[in-house]
Amino acid sequence: MVLSFLVAIACALYYRNISGGSSSNTKEKEYGQSEPMFHVSDIPGKGKGVLAARDIKQGELVLQEYPLFTVPLHIQSSPSALIAERLQKLSSVQKEAFFNLSYVHFPENLDPKEHVDRLALAIFETNAVSAGKDTVGIFPTMARLNHGCSSAFNVVYSWRNEHEGLFVHALKDIKKGQELLTTYTDTKRPREERRKLIPEDRAYLTQQYGFKCTCDVCALPDGLSQASDRRLSKISELYRKFATWGNMDIDGIQAINYVREIWEIEDEEGYWSERGQLAADAAWVAASHSDASAAQAWALKAAEWFTYEIGADTPQVRSLITVGDRPQSHNAWGTREKLEVGGPKY
């Protein structure tokens, strides 16, 4: 049987009980962290959650974690049998960490003590995240991060192939005692849409993770929520318009103006995610049109935001800093007509 359930997991991967912020899978000492950054606590209405043990600065590495085990995204075998096989290779401590995770897909008519393989499958379905291009894995510490929409989430995670590990960075400054939230889905849609699995009229977060989102954005009064919805819809619309530059439907000046407008609305909304890539795309446009000053400015802006999102010690940041030093080194340099497209306004 194909692991079809992993397809649903894969759609959410880009966006998704060990207290003290450390585990056998973390390497905090390598990054000079001398004190716990967070702890796992019971949070009313949410079960377990992660709270900051101290003030955390934007861009700080919150967690580096390695998977308990991984599973290929596409296989021809029994999902339960495959996961049971992976679990047999774990230590007792690792197994305990796995079975302590929450789950929502276990059949109500079955006893979890008698159907351990099916329980393990339910835990995996609920908690697995991307571990590379064609692989998903279980990260028990990261799995304790709850979800937030739009401006509510304050940490983001990324997979590094060279380390074969998952890295979580602070997208914003986080105060001591504040909950660390990531995002499980695309939150640039209006509130009612992001609560559904489009085009099917089902609540995605409820179906996949067993909850209806009550983050600060989803809990806004109707008037403020509608204003947020309009901003998020406008951001998505502008992203679609910006993408038409790739088909030469708009020129570079229009493309950069869309980027600037996206940035301004995101500032108003408090939505800071994906800015590294947005600025990198703007640098690509500027370099294509041989606008050296704009390419340099956008590249350095992208390097700044990628540093927050994925870390300064990454190939993306190093490459963008090089473009900042020598804009003509960009791979897209001069591939379109020469044009002054303009840099960031901020």
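Student: Which residues of helix α8 are buried?
Tutor: This is a predicted model, in which local features need pLDDT of at least 70 and side-chain atom pairs count only at pLDDT 80 or more, while totals for chains, interfaces and linings use all residues. Residues are numbered from 1 along each chain as its sequence is written, and side-chain values use heavy atoms, with hydrogens and water left out. Buried here means under 20% relative accessible area, with exposed over 50% and partly exposed in between, for a 1.4 Å probe and protein chains only. By that criterion the buried residues of α8 are G252, A255, I256, Y258, V259, R260, I262, W263, I265, E266 and E269.

Student: Against which helices do the buried residues of α8 pack?
Tutor: An α-helix has 3.6 residues a turn, so residues three or four places apart point the same way. With contact taken as heavy atoms within 4.5 Å, the partners of the buried residues of α8 are α7 (222-243), α9 (275-288) and α10 (292-309).

Student: How far apart are the end C-alpha atoms of α8?
Tutor: Helices are DSSP runs of H or I with at least four residues, and strands are runs of E with at least two, numbered from the N terminus. The expected span of a helix is 1.5 Å times one less than its number of residues, so the 18 residues of α8 (residues 252-269) should span 26 Å. The separation in the model agrees with this, at 26 Å.

Student: Which residue caps the N-terminal end of α8?
Tutor: The cap is made by a side-chain oxygen that lies 3.1 Å from the backbone nitrogen of I253. The residue that supplies this oxygen is D251.

Student: How many disulfides does a search of the whole structure find?
Tutor: A disulfide is a pair of cysteine sulfur atoms within 2.5 Å. For C213, the nearest cysteine sulfur is that of C215, 3.6 Å away, and C213 is in no disulfide. C213 is buried, with a relative accessible area of 2%, and C215 counts as buried at 5%. The number found in the whole structure is 0.

Student: Which residue takes a positive phi in the hairpin of β1 and β2?
Tutor: Two strands pair if DSSP finds at least two bridges between them, and 6 bridges join β1 (residues 38-43) to β2 (residues 47-52), which run antiparallel. Within this pairing, the bridge partner of F38 is A52. The hairpin has 3 residues between the strands, and the residue with a positive phi, near 80°, is G45.

Key: Polar contact = N/O pair within 3.5 Å; in protein donor to acceptor, adjacent residues only side chain to side chain.
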